[in-house]
Amino acid sequence: MSAKSRIRLPDQATIGEVIEIKTLIAHPMETGTRRNSDGTLVPRLLLHTFETKFAGQEVFRAALHTGTAANPFISFFMKVPGPGEFEFTWIEDGGVKTTERHDLKVT
Amino acid sequence: MEKRRITFVLLVCIARVDPSCAQEINDIDEAKIDAAMRAAFPKANVDWLSRLKADQTIAGCSQYKDTPPAAPTIAARERASIRYPPDGELMGDWKRGEQLAQSGYGLRFTDYPPTRGNGGNCYACHQLTKEELSYGTLGPSLAGYGKIRRSSEADTKAAYDKIYNSQATYPCSLMPRFGTNGVLTIEQIKDIVALLMSPESPVNRP
Amino acid sequence: MIKRRAFMMGLSAMAAWTGYVRPAEAEGPPRDIQTVVKTLVGEATPLEGRISFDIPEIAENGNTVPYTVRAESPMISSDYVKAIHLLAPANPLPQVSSFFFTPQSGKATVSSRMRLAQTQEVLVFAEMSDGAVYTTRRPVKVTVGGCGG
Amino acid sequence: MNVRRNLCAAVLASAFAGAVHAQESIGGAIERELETYRSMMKSDPWSNPGTLDVDRGESLWKTPAGPNNVSLEACDLGLGPGKVDGAFAALPRYFADAERVMDVEARVLWCMEKLQGFDHVKLLVRPHPGAGMPVKDLGAIATYVAYRSNGRSFAATFSHPKEKEMLALGEALFFHRSGPMDFACSTCHRDSGKRIRLQPLPVFSKPEEARRIVGEWPAYRVSAAHVMTMQHRIYDCFWQMRLPEVELGSDVSVALISYLVKQAEGGEINIPGMKR
């Protein structure tokens, strides 16, 4: 099952404007070094990659390691090249992908 | 609200003369609280349910919101529960005392079966050594405790008594009665006394 | 300023779940952080400057430490920030996150949340499109929390 | 001789007082820096993972579930079936159908049982999440319901005799000491400006403090990486007081919540909060 996420975009933007994009996703970000109350190691399970494409072009990417907090929040920027669709993808260990698509209204 | 406060004070005054009137002070009677408490812990066994029942001292403290009318009676009753080491030595090892002061382990429902001894969790409420800056302020600072008191025998005993049963010194004190309630052993209390009183203890270092 | 022992206590209190219980194999000599840095940014000697890094001096809990990092750059195809890497050398594994930008990013600014297993200096490296590498560091203290472990 | 000894003691005492003073100011600096941390954590509501549980709770509220395969949209939170906006702000209240006073979690539990047909006993086996695990469904739903009162003020009336009784029980319980540590809620939450270790303690007997704090719950706890509901918060206090596991929705927890909400009357609701 894909994880729950939230994306915050401006309602609309103009060409050339630098906009902030905020992303949040529910995920435990298991480090693989944590022990359960019974002493057994909990296997590592990270979202290891987050990438953002706009109109098919990569604009931002993150490699997330064990030092990234649970339920990762990432805020970053993009210079609006024109109208298009965002594609946000998180990739979990084992390859499971969560993808969200959002149109950007450009005036 | 104001009216209720006045009623409260009046009743306290009467209670000073006649402690048997104490039951009438709260808006809600003790039996109702007991019944609610018993119903709220359906997973608890008999051992755990016994924890819900307050003794005479604590019931009185709750009743008067910790401002008891019969303070000397409480102090005398609680003092009688203090037990001392057979050899009379009240100071143990301050290093073990420091560990006890740091540890909040023990007696919580996740602490069974126990994997180590109970802690005293002193730092939750008190400043002690100058090195530990993560300390609480619910209780007074105990930094330099023994140094101020110059480590006299009477002060050592007073420290032991306060840890064993705080209410013998301060009736309705917020501090747990560590010895009387079996939270800490006599040996552990001695270690904490050493942490407070020993000239070598970091509590007393400049 | 704050004694390390205090933070070790915090660590053991956290150990209940956060995962920052060091595995046995990590008890040996501290891993060489320089090796990690070289695999990330290569052999270039990092320079001071161009990075602003906003992170609290004291974290009430090491599970989530908020930060914002920014590398100054015109962000044009001939001159932009390629990547920003964050490292927490005293964590069981030192890598926090790496962020990769394009000229389309507009500005190389990221806000996120990191885990810190204990008090330490957090390191930041920024790689520019011309191969230059900039660095900065910030000490963060992690405190004992709650009602006591 | 005697004078000299006293002088010595006085010098010692003042030297010591100086040391304590220096120590206090270091403590003050730490508290200020912790405030920086707290305000950074709270500054952007979009960074609060608790909002994901608000979304989850909304979808759980609207999706048919349980043996009866119905949604919770017919659940009456006090303003009529399906009315969610502002319902949390008027809780706890007396519900004639259940013949008792309920807070949001007790009421959601009741609706899950009566409308959806879930087994009450099963819902209460492990009602709260372990550290690192997300809030349970019931808690997520309660968080969603609470969220739909954001911007409103606590306005439970406590006018029904059963509500009055519950409030009185809550106040008495707040000061009720028990367990091997002799703790009551008031042990830690009575005097202003106190802290446990480095955590400031809210004083619920003071309405101005209660108004500031109570409206932040349910809150995302970074130490456990999940949303903690008010029933869970109280369960955790009982754990720390060395008392047994208090049942979700019991009169004891509803009474204490009634007391907190009454103290916070007029305080703004802003869910989910962000806590250590």
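**Salt bridges within and between chains**

The model is predicted, so local features need pLDDT of at least 70 and side-chain atom pairs count only at pLDDT 80 or more, whereas totals for chains, interfaces and linings use all residues. Residues are numbered from 1 along each chain as its sequence is written, chains are lettered from A and ligands numbered from 1 in the order in which they are written, and side-chain values use heavy atoms, with hydrogens and water left out.

Asp85(D) forms a salt bridge with Arg148(D), with the closest N and O atoms 2.6 Å apart; a salt bridge is a side-chain nitrogen of Lys or Arg within 4 Å of a carboxyl oxygen of Asp or Glu. Arg148(D), at 26% relative accessibility, likewise counts as partly exposed.

Over all chains, a search of the whole structure finds 35 salt bridges. One of them joins the side chains of Asp55(D) and Arg6(A) at 2.6 Å, N to O. Because Asp55(D) lies in helix 2 (residues 50–62) of chain D and Arg6(A) in strand 1 (residues 5–8) of chain A, the pair joins two chains; helices (H or I, at least four residues) and strands (E, at least two) are DSSP runs, numbered from the N terminus. Arg6(A) counts as buried at 15% relative accessibility.

In chain B, the side chains of Glu78(B) and Arg177(B) meet in a salt bridge of 3.0 Å, N to O, and both Glu78(B) and Arg177(B) are buried.

Conventions:
Buried < 20%, exposed > 50% of the residue type's maximum accessible area, 1.4 Å probe, protein only.
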